[in-house]
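Have the structure open as you read.

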Amino acid sequence: MNSNKLPVDVRQRAQWLLGSCAGGSVGSYTAAAGIPNIVNSVSEFIRRRDGAPSYPENIYISPGSQWSITNILKLMLNSKASPRTGVLIPVPCHSTTILSIVDLGGAIVPYYLSENLGWELQVAELHRALESAKGVCKPTALYVINPGNPTGHLQTRKSIQAVIQFVAEKKLFLLADEVYQDYVHGENEFVSYKRVLAEMGPPFSETVELASFHSVSKGVMGECGLRGGYVELVNVDPAVMKHVYTLFSKDTCAPVLAQIALNVMVNPPRRGDPSHRLYTVETEHIKTTLLHNARRAYEVTNSLPGVCCQPMDGGAFIFPRLALPPKAIQKAKEAGTEPDIFYCNRLLEDAGILTAPGCQFGQREGTYHVRFCILVPVATMEELLRRLTSFHTQFMAEFS
Amino acid sequence: MSQPALNGVSGPGKVLTLDSMNPNVKRVDYAVRGPLVQRAVQIEKELEQGVKKPFTEVIKANIGDAHAMGQKPITFFRQVLALCSYPDLLEDDKFPEDAKKRARRILGACGGQSIGAYSASQGIECIRQDVARYIERRDGGIASNPDTIYLSTGASDAIVTMLKLLVSGAGRDRTGVMIPIPQYPLYSAALADLGAVQVNYYLDEDRCWSLDVKELRRSLHAAREHCSPRVLCIINPGNPTGQVQNRQCIEDVIRFAKEEHLFLMADEVYQDNVYAEGCEFHSFKKVLFEMGPEYSSTVEMASFHSTSKCYMGECGFRGGYMEVINMDPEVKAQLIKLVSVRLCPPVPGQALLDLVVNPPQPDEPSYTSFMKERTAVLAALAEKARLTQEIFNAVPGITCNPVQGAMYTFPCITLPQKAIAKAKEEGQIADAFYCMRLLEEEGICLVPGSGFGQREGTFHFRMTILPPTEKLKIVLQKIREFHLRFTQEFS
């Protein structure tokens with residue numbers, strides 16, 4: 001703390017943070033929802049981002065966003081319920097939340113994103129999904145991921161409004177997973193569900209029940225290993241909030257280093273601070289790399305025969321569709337695997353690239369996809385695309 | 001959005017209400033952070049605002065948080081963690097070589113050489129290997145397989161994960177989980193949350209809170225009438241009771257578990273916190289294997305440890321692990337799937353655990369200061385355990401069993417009939433009423449015994465022995481004075 005090797009703003013922030021810890025130590029437990037000063041800074045961040053009020057008592061910090069998602073789902077799902085409680089989830093969707101829903105005894109009600117429209121969410125499809133649940137389960141919540149994972153689709157304000165109107169009309173609890181909000185590489189801006197809800201005014205802003213999730217795992221921080229995330233709850237019944245507290249308190253608290261990372265994320269060095277320059281250089285580099293990789297990956301995958309990638313505005317992945325030759329599909333069937341798993345296995349064995357097959361995320365029957373992460377150094381991205389091109393050409397030739 | 005709106009308005013029209021929500025969650029209670037603690041936080045705010053009270057600070061003796069009470073972190077651990085968090089410091093010659101060596105090794109095992117990368121869901125492999133070696137050293141050479149070790153977000157996370165796997169069935173076939181009374185309320189909270197059947201077995205207060213197999217048998221047979229008991233949870237050293245089980249007792253429990261076909265869960269997070277003469281920590285794993293293959297190849301067991309207690313006290317890092325013995329391989333595949341939903345345990349906690357199981361050795365530069373710090377912490381705790389026992393037992397109306405281990409005292413308090421009646425009027429259990437008065441009058445926050453479970457008609461409180469010795473003496477004094485006043489008021 002007394003060394004000149006660390007910039008003064010770093011030392012001041014550390015002092016302030018340590019002063020906020022019990023016994024001045026990051027080894028102490030904290031309040032269940034997180035260190036109050038840090039929770040306040042998260043609330044401040046949300047207020048600045050959205051231009052709408054945010055109250056600290058509605059915010060809970062947890063070990064990663066999935067932990068909060070699980071706790072909120074737990075409030076609604078009960079394995080003994082008959083009929084089972086349903087949660088509408090997008091197809092495609094990353095598997096972790098689905099696993100939580102199933103684990104808690106909930107029913108999955110899939111709604112298909114429109115691939116040909118850049119993976120847009122269509123409200124008509126939400127209606128269809130809800131209809132399909134009649135007699136099967138009792139839908140209670142709608143889970144959206146914005147920006148999308150694996151799709152990279154960024155919702156427009158209009159789209160978000162339509163979803164909010166839908167949940168208000170159909171009486172659904174809205175779960176907005178916004179962990180990729182800092183990965184935006186298109187021209188459009190991220191706008192939060194909370195902000196749109198506030199802008200829509202009453203009755204929506206006073207009645208729609210919303211849980212928004214964010215995390216230090218993504219964005220320019222990328223501190224997945226620290227396990228830090230939070231949920232902000234809006235319009236939740238105060239009697240239920242007491243139980244939210246109990247649920248989080250039995251997990252004791254989120255790791256303190258993660259809480260600190262969260263504070264730095266929501267309140268980074270500002271212009272004029274000694275660390276601002278280095279911070280800007282580092283974060284600009286990350287953003288430029290991501291933008292470059294997104295463009296290159298989109299270009300190259302779309303140039304490959306039988307591969308079609310939708311434009312991505314955000315997120316950390318590309319999710320191209322593969323038109324696999326019938327012979328390859330046949331070969332996969334003989335091997336007893338899904339065609340896209342077959343493709344991905346060969347991609348790993350022959351080209352040394354590890355990816356995730358589309359079937360892991362859900363996709364329309366008869367379609368195949370593969371998910372690649374684009375959060376790599378530029379040189380690695382080029383190498384990946386080079387190997388992919390070479391592999392794909394050979395694969396298509398082999399099975400033509 | 002108005003604040004009341006943001007805070008939600010009760011009543012019709014909401015999707016999520018007390019009626020529509022998961023009924024299991026409504027049954028979850030966690031006394032360690034219950035209403036008393038919430039009131040304590042409120043009082044702290046009032047003090048900050050300048051409200052006059054009979055005390056100037058709230059002493060939070062409710063939670064086993066050593067650093068919050070002034071215990072210092074172990075220097076070596078923090079040095080390595082600093083190096084791991086900010087590797088530029090590896091160039092700084094203020095850090096000893098043995099710290100740098102460990103930091104480099106840990107960073108080498110992390111994706112992209114960063115503790116900010118996800119790790120494997122089961123935990124970083126070389127750390128699991130180190131944990132296995134630690135267990136082997138601790139248990140006199142009995143083998144430990146790194147594949148059976150799962151790192152976790154504190155021991156609590158691993159305990160809940162195991163319970164999730166174990167709880168199933170419906171009606172009479174619903175899983176029953178045997179837990180000690182008194183118990184650490186994570187267990188009752190988790191069981192309520194999972195909708196499992198809580199099966200209580202009583203520790204014997206008259207015999208220093210010892211565990212009697214006869215009582216296990218009684219409890220089990222009674223439970224079989226209405227559920228399917230499958231799990232037996234042991235906390236050793238005990239929380240809140242502090243009793244350290246002797247070897248014979250552990251053998252008897254293992255024998256009982258085998259006879260009755262129960263999965264054993266051994267919560268051993270306080271294994272370094274043993275103070276009383278004649279008491280020694282024996283791990284369930286060690287005893288199991290020393291009982292020979294008839295037991296060691298059949299009894300299914302999970303043992304839990306953590307970085308939150310012992311001499312480290314690093315609660316905020318959320319580090320822990322479990323070692324799982326004799327698990328069905330097909331179930332193991334399910335366990336791996338289950339832990340993947342959490343993605344991975346916090347990497348700083350994993351790094352810290354690695355240091356705990358792999359501390360400085362006699363030939364290393366940091367050894368002497370490390371041992372000095374470790375010894376000092378444990379010696380201070382032992383002294384405070386002794387002091388607490390002594391002072392409480394001298395108070396008429398308070399009886400305190402010897403604090404053999406862990407970090408708490410759980411004395412029995414005799415409450416006057418009038419006080420019990422007054423509490424009832426206010427809709428409270430007598431010991432909660434007592435503790436609330438103690439908080440308001442003296443600014444000392446404890447946890448009422450009812451939060452842990454106790455025999456009908458008895459009352460207790462749990463206090464930590466963590467405050468620095470001088471402050472502890474004052475706290476004990478104030479409780480003494482309060483108790484006498486309280487007894488007088490309601491006589």
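A salt bridge here is a side-chain nitrogen of Lys or Arg within 4 Å of a carboxyl oxygen of Asp or Glu. Please keep in mind that this is a predicted model.

**Where chain B meets chain A**

With that rule in hand, turn to B:D193 and A:K74: their closest N and O atoms are 2.6 Å apart, and the two residues form a salt bridge. The rule finds four salt bridges across the interface of chain B and chain A. Polar contacts between chain B and chain A number 28 residue pairs, with both residues at pLDDT 80 or more.

Which elements give two or more residues to the side of chain B that touches chain A? They are α1 (3–7), α2 (23–26), α4 (75–85), α7 (154–166), α8 (186–194), α13 (329–340) and α14 (347–357), each of chain B. That side of chain B divides into 33 nonpolar, 21 polar and 16 charged residues.

As for the extent of the interface, 70 residues of chain B and 69 residues of chain A take part in the contact. About 5,700 Å² of area is buried between chain B and chain A, and carbon and sulfur atoms give 58% of that area.

**Salt bridges inside the chains**

Over all chains, a search of the whole structure finds 55 salt bridges.

| Salt bridge | Closest N to O |
|---|---|
| B:R138 and B:D139 | 2.8 Å |

In the B:R138 and B:D139 bridge, B:R138 counts as partly exposed at 23% relative accessibility, whereas B:D139 counts as buried at 2%. B:K53 is partly exposed too, with a relative accessible area of 21%.

Chain B also holds a network of salt bridges, which links B:R437, B:E441, B:E442, B:K478, B:R485 and B:E489.

**Aromatic pairs**

The search of the whole structure also turns to rings, and it finds 26 aromatic pairs over all chains. One of them joins A:Y180 and A:F317 edge-to-face, 6.0 Å centre to centre and with 70 degrees between the planes. Why does this pair tie together parts that are 137 residues apart in sequence? A:Y180 lies in the loop between β5 (173–177) and α7 (193–200) of chain A, while A:F317 belongs to strand β9 (residues 317–318) of chain A, so the pair links those parts. A:Y180 counts as buried because its relative accessibility is 5%, and A:F317, at 8% relative accessibility, counts as buried as well.

Another edge-to-face pair is formed by A:F342 and A:F399, at 5.9 Å centre to centre and 75 degrees between the planes. A:F342 lies in helix α13 (residues 339–351) of chain A and A:F399 in the segment after α14 (378–398) of chain A, so this pair ties together parts that are 57 residues apart in sequence. Both A:F342 and A:F399 are buried.

Notes:
Residues are numbered from 1 along each chain as its sequence is written. Chains are lettered from A and ligands numbered from 1 in the order in which they are written. Side-chain values use heavy atoms; hydrogens and water are left out. Contact means heavy atoms within 4.5 Å. Buried area is the accessible area (1.4 Å probe) that two parts lose on being put together, summed over both. A polar contact is a pair of N or O atoms within 3.5 Å; within protein, one must be able to donate a hydrogen and the other to accept it, and residues adjacent in sequence count only if both atoms are side-chain atoms. Helices (H or I, at least four residues) and strands (E, at least two) are DSSP runs, numbered from the N terminus. Ala, Val, Leu, Ile, Met, Phe, Trp, Tyr, Cys and Pro count as nonpolar, Asp, Glu, Lys and Arg as charged, and the others, Gly among them, as polar. Rings of Phe, Tyr and Trp (its six-membered ring) pair if their centres lie within 6.5 Å; planes under 30 degrees apart count as stacked, over 60 as edge-to-face and the rest as tilted. Buried means under 20% relative accessible area, exposed over 50%, partly exposed in between (1.4 Å probe, protein chains only).
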